[in-house]
Amino acid sequence: MVGYDPKADDRNISNLEVAVAGSVSGLVTRVLISPLDVIKIRFQLQIERLSRSDPNAKYHGILQAGRQILEEEGPTAFWKGHIPAQLLSIGYGAVQFLSFEVLTELVHRASVRDARDFSVHFLCGGLSACVATLAVHPVDVLRTRFAAQGEPRVYNTLRDAVVTMYRNEGPLVFYKGLNPTLIAIFPYAGFQFSIYSSLKRAYEWALPAEGKKNGNFKNLLCGSGAGVISKTLTYPLDLFKKRLQVGGFEQARASFGQVRSYKGLLDCAGQVLREEGTQGCFKGLSPSLLKAALSTGLVFFWYELFCNFFHHMRKADS
């Protein structure tokens, strides 16, 4: 069970084990979904419509984008920025899950509400994600820059990127897009945790026998459902965040089509709506939903798997 559950808390594992389970779940998942993430970011940053009818559009579909990236940049392009992405996943997973477990236990200890309530999981999930975001946002900016650049590359190594960005744009460059990130991540993660728990309870109610036998499948299925619903509800803010994170990086985007400069979140939202319409706020939604289903499902799957592993190890030692 994700989060503190007083009725099932015989699964007694330490905070360190929670952090390790969160880190490993993020690491394994990141390796598997990186290609979809690169395609999603390319879609989000493209000003032109994602349509065959637009002759200036570089990308217009998942398969077409995948083929074109493979032909122009080789297979390694799908793991561009993989090192900062892995640092992001490991750090984010550890901080988020540890914070969530601690916060839900605090709610229980304070006797404010049932720690398993939808509203408690929404609030604690959102807060834990904000804490994790503050801790790893600079790495997220680096990951986005690496994934967004074409050929020839502007940044060749992680160290080169850090030094160049700091020298040319100052220290605040590593927190570009932080406001829309926090605004987007709170409801996104809140929905992830609360919907995941709700879907698990619904699954166990609908299929009581199956719910007990196929725990891993249930975690994967409910995690995927939670990811798709959460991403759909909060997607436009994710797109605005990506546009803001590549501000000042226009020269590396020239080969992909038009580029824009934005003064902030409201200006970015306004320009996107004026120039690209409402559908512009949902560019890259298809690969994003596919990625959300896989990543959220796998993250919860691996997290619960490793937590259960640590629990059984403790029982064997006692």
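## A residue on helix H1

Leu-27 is found in helix H1. This model is predicted.

## The nonpolar patch

Which helix gives the largest share of the patch? Helix H1, which spans residues 15-45, supplies three residues.

## Where H3 and H6 cross

Two packed helices are described by the angle between their axes and the distance between the axes. Take helix H3 (residues 82-109) and helix H6 (residues 178-206). Their axes come within 13 Å. They cross at roughly 65°. The crossing of H3 and H6 is right-handed.

Which residues meet at this crossing? H3 brings Tyr-92, Gln-96, Phe-97 and Phe-100. H6 brings Ile-185, Ala-189 and Phe-193.

## Leu-134 on helix H4

Leu-134 sits in helix H4, which runs over residues 118-148. Its relative accessibility is 44%, so Leu-134 counts as partly exposed.

What does Leu-134 touch, leaving out residues up to four places away in sequence? Its contacts are Tyr-175, Leu-178 and Leu-182. Now look at Thr-181. Leu-134 and Thr-181 are 47 residues apart in sequence. In space, their C-alpha atoms are 9.6 Å apart.

Conventions: Residues numbered from 1 in each chain as written. Predicted model: local features only at pLDDT ≥ 70, side-chain atom pairs only at ≥ 80, totals over all residues. Heavy atoms only, no water. Helix = DSSP H or I, 4+ residues; strand = E, 2+ residues; numbered from the N terminus. Axes fitted to C-alpha atoms, helices over the stretch in contact; angles between N-to-C directions. Left-handed = near helix turned anticlockwise from the far one by under 90°. Contact = heavy atoms within 4.5 Å. Buried < 20%, exposed > 50% of the residue type's maximum accessible area, 1.4 Å probe, protein only.
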